[in-house]
Amino acid sequence: QEILSSPHCQSDLLEVRDMFGTNCLELALEKDNLDYFNIILQSPHLTQEMIIPQNSKHLNVVNKILYSSLSSVRKLDYIRSVLNCPHASALMQATVSGFSPLYIAVHEQEAEIVQLLLESPHCTTDLLKRQEVHDSELTPLHASLMRNRGDSSIAEMLLQTPLCTLDVLK
């Protein structure tokens, strides 16, 4: 926190990546340090590039959370924090490498996270309609039906959201 509040701190400092390509926000996630993670997210020096890298080798921070080994409850804590940051609406879009957080949450069968993302003001009908070109052009609804056979809870969530219009069902 001292570094972030220093007059010498600038966005460039937070964007620095180590030899493995990890920035300070991702390191806080890897170390499961939600307090530091939140401090960085609330920093005026946070940039969109830090949470949504334009390099196809790096996932956006929500997708990193979804693919992490954290428990579902812990993932929810981190995603709630991210959804309150200044760049949250851009985070909901597909990454350079292809998948939106909603699609990944459906694919990973993270029902509580799907619900959280659907309830977010940053979730749109376009996200529900988006066909993921890297996965047989499936929408999140199609993926929920294909991937979660025998468990229709995620499909029901997607169908019950006010965002699920006739356009989504086409």
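Modeller: Partly exposed means a relative accessible area between the buried limit, under 20%, and the exposed limit, over 50%. The model here is predicted.

Biologist: Why is Arg74 called partly exposed?

Modeller: Arg74 has a relative accessible area of 24%. Buried would need under 20%, and exposed over 50%. So Arg74 counts as partly exposed.

Biologist: What makes Arg74 and Asp77 a salt bridge?

Modeller: Their side chains meet at 3.6 Å, N to O. The cut-off is 4 Å, from a Lys or Arg side-chain nitrogen to an Asp or Glu carboxyl oxygen. The pair therefore qualifies.

Biologist: Where do the two sit relative to each other in helix α7?

Modeller: Arg74 and Asp77 are three residues apart in α7, residues 72-83, which separates them by about one helical turn. An α-helix has 3.6 residues a turn, so residues three or four places apart point the same way.

Biologist: Is Asp77 called buried, partly exposed or exposed, and why?

Modeller: Partly exposed, because its relative accessibility is 26%.

Biologist: What does the salt bridge of Lys75 and Glu110 tie together?

Modeller: First the distance: the closest N and O atoms of Lys75 and Glu110 are 3.1 Å apart. Lys75 lies in helix α7 and Glu110 in the loop between α9 and α10, so the pair ties together parts that are 35 residues apart in sequence. Both Lys75 and Glu110 are buried.

Biologist: How do you know that Lys129 and Asp126 form a salt bridge?

Modeller: Their side chains meet at 3.8 Å, N to O. The limit is 4 Å, so the pair counts. Lys129 and Asp126 are three residues apart in helix α11, about one helical turn.

Biologist: Why do Lys129 and Asp126 get separate labels?

Modeller: Lys129 has a relative accessible area of 32%, so it is partly exposed. Asp126 is at 53%, and exposed means over 50%, so Asp126 counts as exposed.

Biologist: How many salt bridges does the rule give?

Modeller: The count is five.

Biologist: What makes His122 partly exposed?

Modeller: His122 has a relative accessible area of 22%. Buried needs under 20%, so His122 counts as partly exposed. His122 lies in the loop between α10 and α11.

Biologist: How do you know that His122 meets Leu83?

Modeller: A polar atom of the His122 side chain lies 3.4 Å from the backbone oxygen of Leu83. The polar-contact cut-off is 3.5 Å. The C-alpha atoms of His122 and Leu83 are 8.0 Å apart, across 39 residues of sequence. Beyond four places in sequence, His122 also touches Ala88, Ser89, Met92 and Leu127.

Biologist: Why are the buried residues of helix α13 said to be on the same side?

Modeller: The buried residues of α13, residues 153-160, are Ile154, Ala155, Met157 and Leu158. They cover an arc of only 155° around the axis, which puts them on the same side of α13. Their cover includes α9, α10, α11 and α12.

Biologist: What makes the nonpolar surface patch?

Modeller: Leu159, Leu166 and Leu169 make it, with about 310 Å². Leu169 is found in helix α14, residues 166-169. A patch residue needs over 30% relative accessible area. Leu169 has 46%, so Leu169 passes that limit and counts as partly exposed.

Notes. Residues numbered from 1 in each chain as written. Predicted model: local features only at pLDDT ≥ 70, side-chain atom pairs only at ≥ 80, totals over all residues. Heavy atoms only, no water. Patch = residues over 30% accessible without salt bridge, like charges linked within 9 Å, V, L, I, M, F, W, Y side chains within 5 Å. Areas by Shrake-Rupley, 256 points an atom, 1.4 Å probe, with all protein chains shown as cover. Helix = DSSP H or I, 4+ residues; strand = E, 2+ residues; numbered from the N terminus. Buried < 20%, exposed > 50% of the residue type's maximum accessible area, 1.4 Å probe, protein only. Arc of directions from axis to C-beta. Contact = heavy atoms within 4.5 Å. Polar contact = N/O pair within 3.5 Å; in protein donor to acceptor, adjacent residues only side chain to side chain.
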